[in-house]
Amino acid sequence: MSCPICWVGPGIPTQLHCHGAPRFPPWPPLAGGAPEVPPQGCRDTHRHHIPHNRPPLPQKMPPSLPATINIREPRWDQSTFQGRAKHFFMVTDPRNLLLSGATLEEARRVVEDYRAGTVPPGLTEDQLWRAKYIYDSAFHPDTGEKMLLVGRMSAQVPMNMTITGCMLTFYRTTPAVLFWQWVNQSFNAIVNYTNRSGDAPITPSQLGTAYVSATTGAVVTALGLKSLTKHLPAIIGRYVPFAAVAAANCINIPLMRQRELKLGIPITDENGNRLGESTAAAQKAIFQVVVSRIGMAAPAMAIPPVIMNVLEKRAFLKRYPYLNAPLQVGLVGLCLVFATPLCCALFPQKSSMPVRRLEPEVQARIREKDPGLETIYFNKGL
């Protein structure tokens, strides 16, 4: 047994012991006048001045977390690109995919309790923000429903690095182009549906129309450009998949969110009070998402082809051709780790526009409620 108050005891600081100058008055002898015997393991044989059954010192409780932290907004300033980039590096972290259902539900409970004004005892600010970002990575910001696993932004890097890497590797034959463009557009359809703006449902017919149209557009673009680049340098042919993806994004996203273009998306004031729906806001939101998606794909589909074009001329890849696909996927993944959060951060998630640019009837309703309001806000989607 180690001395519970000496430095050899587990976790007890040395200043609590009476080595050196006594810090406590001497205790009376044990019953019968026998001197106190140090426990086995104590490195000092002097009489102990602190009894071994002394209760532990009380622990200082951390101060209670105030209920005034606004976790409806990101932790970092979203008016700056740097703040948005930090936010999306957290949201797109692929490690969030490994979190269990119990962890996600616990994060939801913490976030919803805090929003309702209930602060769990012992909760720290870092724990609160961690719960908020776990919640944001798995639950839709408008509906609160749990999102499909492969449709979450945290799945963007692992899914896109695999699909894009294969598109860049297997682009020479028509069946390969057809298959990988179909896989890519199937994944995009899931992502676009999962991260749609607003709380309005999309019908199966709308979903099917958007999916078929985007897949057809991507395949036609890819095959058309492939035939046009047959007699051009090989490096040009490597960029056919990127052109197809850019064209498909211009088709897929507006079609997948066509209900928003017809009926509008929810708009709010600065405090989150709902003011109605606006199709003008929907148009701006969809435009921003299309630009972000194309920008997200650009580095991953523009840089690896140049590198692979050089490597394929070297003896190494000629000797080990089976390494072509893994190298391509790895290079794409490296680009996407940075391109995904940085391109998501091009525009604020809570985007804004002046009231004067809304539809006249929406402007009129807003003027009736709040004549002095100049700016409205909306969730642009991802």
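Does Ile71 count as buried or exposed, and at what relative accessibility? Ile71 counts as buried because its relative accessibility is 3%, where buried means under 20% relative accessible area, exposed over 50% and partly exposed in between (1.4 Å probe, protein chains only). The structure is a predicted model, in which local features need pLDDT of at least 70 and side-chain atom pairs count only at pLDDT 80 or more, while totals for chains, interfaces and linings use all residues. Residues are numbered from 1 along each chain as its sequence is written, and side-chain values use heavy atoms, with hydrogens and water left out.

**Overall make-up**

- The protein chain contains 13 helices and 4 strands; these are DSSP runs numbered from the N terminus, with helices being H or I of at least four residues and strands E of at least two.
- Of the 382 residues in the protein chain, 43% are buried.
- Among contacts with a separation of 6 or more in the protein chain, 72% are between residues 24 or more positions apart; contact means heavy atoms within 4.5 Å.

- Ile71 sits in the segment before α1.
- Leaving out residues up to four places away in sequence, Ile71 touches Val111, Tyr114, Arg115, Leu128, Trp129 and Lys132.
- Ile71 and Val111 are 40 residues apart along the chain, and their C-alpha atoms are separated by 7.9 Å.
- The largest nonpolar core has 26 residues, of which Leu65, Ile69, Ile71, Phe88, Tyr114, Leu128 and Cys344 touch the most other members; such a core is a set of buried Ala, Val, Leu, Ile, Met, Phe, Trp, Tyr and Cys residues joined through side-chain atoms within 4.5 Å.
- At least two residues of this core come from each of α1, α2, α3 and α12 (324-344), and α3 gives the largest share, 7 residues.
- A second, separate core has 16 residues, including Ile163, Trp180, Met301 and Cys335.

**Largest pocket**

- The volume of the largest pocket is about 1300 Å³. On a 1 Å grid over the protein atoms alone, a pocket is an open set of points with protein on both sides within 12 Å along at least five of seven lines, a cavity is a set where a 1.4 Å probe fits but cannot get out, and lining residues have an atom within 4 Å of a point.
- The largest pocket is lined by 45 residues, and Arg72, Pro141, Asp142, Lys350 and Asn379 are the closest to its centre.
- Two or more lining residues come from each of α1 (81-91), α2 (101-115), α3 (125-138), β1 (265-268), β3 (350-354) and β4 (375-379), with the largest share, 4 residues, from α3.

**Cavities**

- The whole structure has 3 cavities of 30 Å³ or more, and the largest cavity has a volume of about 180 Å³. Grid points are joined across faces, edges and corners, and a volume is the space filled by probe spheres set on the points.
- The largest cavity has 15 lining residues, with Asn160, Asn188, Val245, Arg293 and Ala297 nearest its centre.
- α10 supplies the largest share of the lining of the largest cavity, 5 residues.

**Annotated spans**

- An unreviewed UniProt entry carries the annotation "transmembrane region" for residues 236-255, 285-307 and 327-347; UniProt positions are given in the numbering used here, feature names are shortened, and annotations may be inferred rather than shown by experiment.
- Residues 285-307 are 100% helix and 0% strand, with the end C-alpha atoms 35 Å apart.
- Residues 327-347 are 86% helix and 0% strand, and the end C-alpha atoms lie 32 Å apart.
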